Amino acid sequence: MADPRVIVALDFTDADTAKAFVKRVTPSRCRLKVGMELFTAAGPGLVEHLAARNFDVFLDLKYHDIPTTVAHACSQAAELGVWMLNVHVLGGKRMLVAAREAIERSKHRPLLVGVTLLTSHNDDELPEIGLARGTERQVERLAGIAQDAGLNGVVCSPLEAALLRRRFGKEFVLVTPGIRQAGDAMDDQRRTRTPVDAVTEGADYLVIGRPVTRAPDPAAVLDAINREILIR
Ligand code: C5P
């Protein structure tokens, strides 16, 4: 498989544990996500280590600041050789455009995706942060801002993938966490979809953490998921 759809979330607290895990998988089986927990502990050196081993890295730092600061951060991330990075759409269109333009000037040109609403928010919390109720409508609105600003796509719940795919077309990249097989532990995820269902509903990439990172044989779990997605 040259173009794996699974992005394994490296939610480890230190570089050594992350590197030990990565030895057990291959770039043909999965891409890798480095989020704020691991990045804060291990820094850019780890991202370069993974990229040097030919892994596509999704740097999940969800930038949200004034446009100039976000643009500079995106340039630095692009210099590290990441494959994908993300920003909060709530930073507004000027910030999103500044991020995209910074990436367009970079040598590597990673994919840029937006975070719409955090799935940890529920309807009742939206008025508290100044948004109208109705998470689905808010996600759709924010995804529209991301598309207008020229972002490649958004991170979304697999439950929203079908709606966003219909509304924003087949080129708009949809990245979905919240993936579990039928028998998997749910951990702290509440509303999940299986890999096959998420892909059927329009997801391009599946972010999967613990079901792979905690498995006795992570490569075998990835092989099984990749086979299932391919033959769907
Ligand atoms: O272990 P698990 O498969 O639940 O990991 C999912 C990953 O996706 C974690 O890194 C988590 O932070 C991230 N994520 C998520 N839900 C979102 C956005 C990101 O689970 N809405």
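**Exercise 1.** Determine which elements each supply at least two residues of the shell around the ligand.

*Solution.* Step 1: β8 (205–208) and α9 (210–213) each supply at least two residues of this shell; helices (H or I, at least four residues) and strands (E, at least two) are DSSP runs, numbered from the N terminus. The model is predicted: local features need pLDDT of at least 70, side-chain atom pairs count only at pLDDT 80 or more, and totals for chains, interfaces and linings use all residues. Residues are numbered from 1 along each chain, and side-chain values use heavy atoms, without hydrogens and water.

Step 2: Residues surrounding the ligand include V207, I208, R210 and P211, where a near residue has a heavy atom within 4 Å.

**Exercise 2.** State which polar side-chain atoms lie 2.9 Å or 2.7 Å from an oxygen atom of the ligand.

*Solution.* Step 1: A polar contact is a pair of N or O atoms within 3.5 Å. Step 2: K33 places such an atom 2.9 Å from a ligand oxygen, and R180 has one at 2.9 Å as well. Step 3: For R210 the distance to an oxygen atom of the ligand is 2.7 Å.

**Exercise 3.** Describe the residues around the ligand by class.

*Solution.* Step 1: Ala, Val, Leu, Ile, Met, Phe, Trp, Tyr, Cys and Pro count as nonpolar, Asp, Glu, Lys and Arg as charged, and the others, Gly among them, as polar. Step 2: The shell then has 5 nonpolar, 3 polar and 4 charged residues. Step 3: Among the charged residues of the shell are D11 and K33.

How values were computed:
A polar contact is a pair of N or O atoms within 3.5 Å; within protein, one must be able to donate a hydrogen and the other to accept it, and residues adjacent in sequence count only if both atoms are side-chain atoms.
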